[in-house]
Amino acid sequence: MIENNRALAIFAHIILVLGVATIAFPLYYAFVGASLPIEEVLQVPMPLVPGDRLIENMAAAWDKGSFGRQLVNSAIMASVIAGGKIAISLLSAFAITYFRFPFRTAAFWAIFVTLMLPIEVRIVPTYEVAANALAPLAWLLQVTGIDGLLGGRLTANLQWSLLDSYVGLTLPLIASATATFLFRQFYLTIPDDLAEAAKIDGAGPMRFFRDVVLPLSTTNIAALAVILFVFGWNQYLWPLLITTDPSMTTVVVGVARLIPGPEPQPAWNVAMAGGLVALLPPVLVVLVMQHWFVKGLVDTEK
Amino acid sequence: MIGKKVVFRSRGLPLLLLAPQLLVILVFFFWPAGQAVFQAFHLADPFGQHFEYVGLENFTRLFNSPEYYDSLWATAVFSSGVAFLSLGAGLVLAAFVDHIRRGRMVYKSLVIWPYAVAPVLAGVLWLFLFHPIYGVVAFALERAGIGWNPLLDSNQAMALVVMAAAWKQVSYNFVFFLAGLQAIPRSVIEAAAIDGAGPLRRFLTIVLPLLTPTTFFLLVINLVYAFFDTFGIIHAVTHGGPGGATNILVYKVFADGFIGQDLGSSAAQSIVLMVIVVTLTVMQFRFLERKVHYA
C-alpha cells in the first residue's frame, strides 16, 4: 500500500491548477481582447474582464477578409487531406501486406523515405512543381527523346498549375508514410485464417478488403482522422505559398494577415476575434474526440 | 520485409493500389528533392531559365556567411529552449495528474487542447499577450522595472518565440509522459513505499529512470518539432528579427528562397536540412530498436 498523503494530494492539485491556468491564460487574454471595443483593447493595461463586443468583432474580422470562404477552404483542405491520406494509405498498406510482387520492398522504402522530406526542407522546388505539376513528365519526355520525335510540341503544352486551387492545397500533402505504416502494422495483426476463409469462399482481394479489412480498421481510421484533420487545418507555410487570391487561402493564413503592424489604431480586438474563429474547430475536434486523439497520437509514433 | 503468409495472387492489382501514393510521392517529394540537389550545385540566371554547374560553390558561400552561423546558433538556442521547457512542463503535469485520484479527466482535457492550435495562431496569441505596448505582461514587467520589447531586444524576442512554441508542445509531451507513467507497474512503486521511500525519492530514483526511453524519444520528437514545425510562429511574431536573432533555419530557407530569390543558397540550405532530418530520423529508429530489445 502506498501512503495516503493528503498534503501531497493538495499540493498536486495546486500545481495542476496553476499549470492549467498558465496554459489557458493566452487563450483567455485573447478572448477578452476579442470581446472589447477598440478603445478598451488599446488601453494600458487592458481590462481582464470580457466585454460585450465579441460578435461585432468577429463580424468585423469576417468582413475584412474573405473569412467565410476561408473557413470553407480550411474545412475542405482539412477533410480532403485527412480523408485522402487515410484512403491512399489503406490501399498502399493493403498492397504491401497482402501481395507478393516485384519491387514490393522498394515501394515500401520509397514511402518510408518521405518521412525524411518534410515540406520545409524542399520548399522552393515543391513550389515550382506546384506551379507546373507536369514538369516531371515533360522532363521525362525530353530525356527519353519521345518529345524530339514529336517535334518538341508536346512539352511546350504540358502545363498544369496548381496555384490558387483546391488540388494545390491538398494533393501535394496527401502522401503519408505514417498512416501507411500504421495500417501495415495493423494488417499484420489480422489473423491469416480470415484471408484463408475468404479465399476458400471465393472472394477476391478487393472483396476481402471491403468486407473484412475495412470494417476491422475503423478504430484506427477514427484515431488517425482526428490527428490528420488537425494537421490539415493547421497548415500554414504551404497555403501561404501557393495561394495569392485571398478567397482561395485558408482561415489560418487569413488571420495571420489580420495581425496589426505599427499603426495608430491597431485592431487587436478584430485580430483576436478572427484568431478565436480559426482555432476553435480543431480544438473542439480534439476535445470532443479526446479518446481517439490520444490513441491516434500514441499509435502513430509506434 | 515481413508480409502475410496467406497472400492474394495478382500482378497488376497491387501496383494499381499503390499507384496514387507513389505518384504523389514521385511528383511532390522525390522530384522536388532531386531539384533541390540539382540547384544546390548550380547557379541560376536571374530568370531561372539557365543553370550553370558550380560544384560546391553554393555550399562554400553558405558556410562562409556569418548569417548562416547566426541562424545555426539561433536554431540551437531555440530548439534546446523549446525542448527543455516543454519536456519539463509536460513531465511535471503528467507526474501530478498520475498521482491524483480525482479530476484526472478534467486536467487532461485542459492540458491537451493547445496541441490543436496552429503554430502561427499560437504565435499570434503570445504576441498579443507579450506585446510591448498593449500586452499585459509587458505592463507587469514595466511595473517591476524591467523594460520589455521583444520587437527590439533579441534575447526577449527569442524568449517569446521559445515560450510560444513550447506552450503548443506541452500537451504532446504530457500525453506520452502520462502513458509512460501509467505503464510503470504499481508493484515496483509499492515495494519502494514499503521500504520507506517517500514520494519525491520514489519519483527520482524509480520513476524517472524508468521514463528514460520515453524522454529520449520525446527529445527527438521535440527537436524535430522545433526545427521544422515552428515556421508559423517565427513568421507571425518576429519575421526572423530583430537583426536575425530568431532567424532559424526553416525561416531562413524560406526567406532566402522566396524573398531573397537566392535559389542556389536556398537549395544548399535545403540539403543541410535534409541531413539534419535524416540524422534525427535515424536516432529515432535506433531508439525504437532498443525499445524492442529491452521491452
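Visitor: In which crossing, left-handed or right-handed, does α3(B) pass α10(B)?

Guide: Please keep in mind that this is a predicted model. Here α3(B) passes α10(B) in a right-handed crossing.

Visitor: At roughly what angle do the axes of helix α3 and helix α10 of chain B cross?

Guide: The axes of helix α3 of chain B, residues 66–99, and helix α10 of chain B, residues 212–228, cross at roughly 135° and come within 9 Å. That angle makes α3(B) oblique to α10(B), because an angle counts as roughly antiparallel when it is over 145 degrees and as roughly perpendicular from 65 to 115.

Visitor: Which residues meet where α3(B) and α10(B) are in contact?

Guide: From α3(B), the residues include T75(B), F78(B), V82(B) and L87(B), and those they meet in α10(B) include L218(B), N222(B), Y225(B) and F227(B). Sorted by class, the contact of α3(B) with α10(B) has 10 nonpolar residues and four polar ones, with no charged residues.

Visitor: Which domains does the assignment give for chain B?

Guide: The domain assignment places domain 1 at 12–53 and domain 2 at 58–294 of chain B, and the centres of these domains, taken over C-alpha atoms, are separated by 31 Å. Their contact takes nine residues from domain 1 of chain B and 10 residues from domain 2 of chain B.

Visitor: How much area is buried between domain 1 and domain 2 of chain B?

Guide: The area buried between them is about 640 Å², with carbon and sulfur atoms giving 74% of it. Within domain 1 of chain B, the residues that lose the most area to domain 2 of chain B are A36(B), Q39(B) and A40(B), together 55% of what that side buries.

Terms used:
Residues are numbered from 1 along each chain as its sequence is written. Chains are lettered from A and ligands numbered from 1 in the order in which they are written. This is a predicted model: local features need pLDDT of at least 70, side-chain atom pairs count only at pLDDT 80 or more; totals for chains, interfaces and linings use all residues. Side-chain values use heavy atoms; hydrogens and water are left out. Axes are lines fitted to C-alpha atoms, for helices over the stretch in contact, and angles run from 0 to 180 degrees between N-to-C directions. Helices (H or I, at least four residues) and strands (E, at least two) are DSSP runs, numbered from the N terminus. Angles under 35 degrees count as roughly parallel, over 145 as roughly antiparallel, 65 to 115 as roughly perpendicular and the rest as oblique. A crossing is left-handed if the near helix is turned anticlockwise from the far one by less than a right angle, and right-handed if clockwise. Contact means heavy atoms within 4.5 Å. Ala, Val, Leu, Ile, Met, Phe, Trp, Tyr, Cys and Pro count as nonpolar, Asp, Glu, Lys and Arg as charged, and the others, Gly among them, as polar. Domain bounds come from an automatic or database domain assignment. Buried area is the accessible area (1.4 Å probe) that two parts lose on being put together, summed over both.
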